[in-house]
Amino acid sequence: MALKKFDVPDIDDAISEAKDDEQRKEETAHAEKIAYALEYFTKKSPDILKNMSDVISQLDARKFASILREELKNIADEMAHRFNSKIEPMVKRAESAERRISVPTQAAYIILATIVWLFIFLIMVIYANTRIQSDDLTGLIVLFFVALIISIIAVIYFTKKYKW
């Protein structure tokens with residue numbers, strides 16, 4: 001049995017009329033919303049204009065400049081006070097140091113150990129110049145640098161361990 005297509009023009013007309021009615025209702029609702037918005041605006045427009053004129057009168061250039069100048073002055077004063085409160089202790093500490101440079105203890109001990117080893121190196125070079133052959137001199141220089149590095153490592157270790 002084959003399927004037959006039935007042509008029912010009344011149903012098609014009813015469906016198209018229902019769609020048209022729905023579209024007309026949407027357009028009517030949209031038009032009502034626009035009419036309400038326009039009515040609301042026309043009622044509130046005198047208040048809006050009055051508020052805008054109040055704001056415009058406050059935006060007088062001289063008045064605005066004086067308010068802005070006052071605000072900037074207050075902000076600058078606050079920043080200057082904050083800057084002075086943070087810088088003043090550092091200035092007092094620098095003035096009390098009387099141009100001295102503060103060197104950490106560990107650096108001072110490393111400098112002292114290096115100066116001692118350089119003095120020993122000077123003595124060793126003078127002695128080597130008079131007594132030792134050139135082959136032995138290379139070994140002494142390597143031994144000197146190894147001893148210098150070991151002493152610096154020892155200074156760092158002891159200053160950290162015993163908090164000198």
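User: Which residues make the nonpolar surface patch of about 520 Å²?

Analyst: In this predicted model, the patch is made by Phe41, Ile48, Leu49, Met52 and Ile56. Patches are made of residues with over 30% relative accessible area and no salt bridge, where nonpolar side chains (Val, Leu, Ile, Met, Phe, Trp, Tyr) are joined within 5 Å and like charges within 9 Å. Accessible areas come from the Shrake-Rupley method with a 1.4 Å probe, and for residues only the protein chains shown count as cover.

User: Where does Ile48 sit, and is it buried or exposed or partly exposed?

Analyst: Ile48 has its place in helix α1, residues 9–58, and at 37% relative accessibility Ile48 counts as partly exposed. Buried here means under 20% relative accessible area, exposed means over 50%, and partly exposed is in between, with a 1.4 Å probe and protein chains only.

User: What should I know about the numbering and the model?

Analyst: Residues are numbered from 1 along each chain as its sequence is written, and side-chain values use heavy atoms, with hydrogens and water left out. As the model is predicted, local features need pLDDT of at least 70 and side-chain atom pairs count only at pLDDT 80 or more, while totals for chains, interfaces and linings use all residues.

User: What share of the chain counts as buried?

Analyst: Of the 164 residues of the chain, 6% count as buried. The accessible surface of the chain comes to about 15,200 Å², and 64% of that surface belongs to carbon and sulfur atoms.

User: What about Ala113, buried or exposed?

Analyst: Ala113 is buried, since its relative accessible area is 14%, and Ala113 lies in helix α3, residues 105–131. Ala113 and Ser151 are 38 residues apart in sequence, yet their C-alpha atoms are 7.0 Å apart in space.

User: Switching to charges, how many salt bridges does the structure hold?

Analyst: The structure holds 4 salt bridges, a salt bridge being a side-chain nitrogen of Lys or Arg within 4 Å of a carboxyl oxygen of Asp or Glu. One of them joins the side chains of Asp77 and Lys73, at 3.3 Å from N to O.

User: Where are Asp77 and Lys73 relative to each other?

Analyst: Asp77 and Lys73 are separated by about one helical turn because they are 4 residues apart in helix α2, residues 61–97. Asp77 counts as partly exposed at 42% relative accessibility, and Lys73 is partly exposed with a relative accessible area of 48%.

User: Which residue does Arg82 form a salt bridge with?

Analyst: Arg82 forms a salt bridge with Glu78, where the closest N and O atoms are 2.7 Å apart. Both residues lie in helix α2, 4 residues apart, about one turn of the helix. Arg82 counts as partly exposed at 47% relative accessibility, and Glu78 counts as partly exposed at 45%.

User: And Lys92, exposed or buried?

Analyst: Lys92 is exposed, with a relative accessible area of 54%. Lys92 forms a salt bridge with Glu88, the closest N and O atoms being 3.6 Å apart, and Glu88 counts as partly exposed at 44% relative accessibility. Lys92 and Glu88 are 4 residues apart in helix α2, so they are separated by about one helical turn.

User: Now the rings: how many aromatic pairs does the structure hold?

Analyst: The structure holds 5 aromatic pairs. Among them, Phe144 and Phe145 form an edge-to-face pair, at 5.1 Å centre to centre with 70 degrees between the planes. Rings of Phe, Tyr and Trp (its six-membered ring) pair if their centres lie within 6.5 Å, and planes under 30 degrees apart count as stacked, over 60 as edge-to-face and the rest as tilted.

User: Is Phe144 buried or exposed?

Analyst: Phe144 counts as buried at 4% relative accessibility, whereas Phe145 counts as partly exposed at 42%. Phe158 and Tyr162 form a stacked pair, at 6.0 Å centre to centre with 10 degrees between the planes. Phe158 and Tyr162 both lie in helix α4, residues 134–162, and they are 4 residues apart, about one turn of the helix.

User: Which residues form the aromatic cluster?

Analyst: Trp117, Phe121, Phe144 and Phe145 form one aromatic cluster.

Note on methods:
Helices (H or I, at least four residues) and strands (E, at least two) are DSSP runs, numbered from the N terminus.
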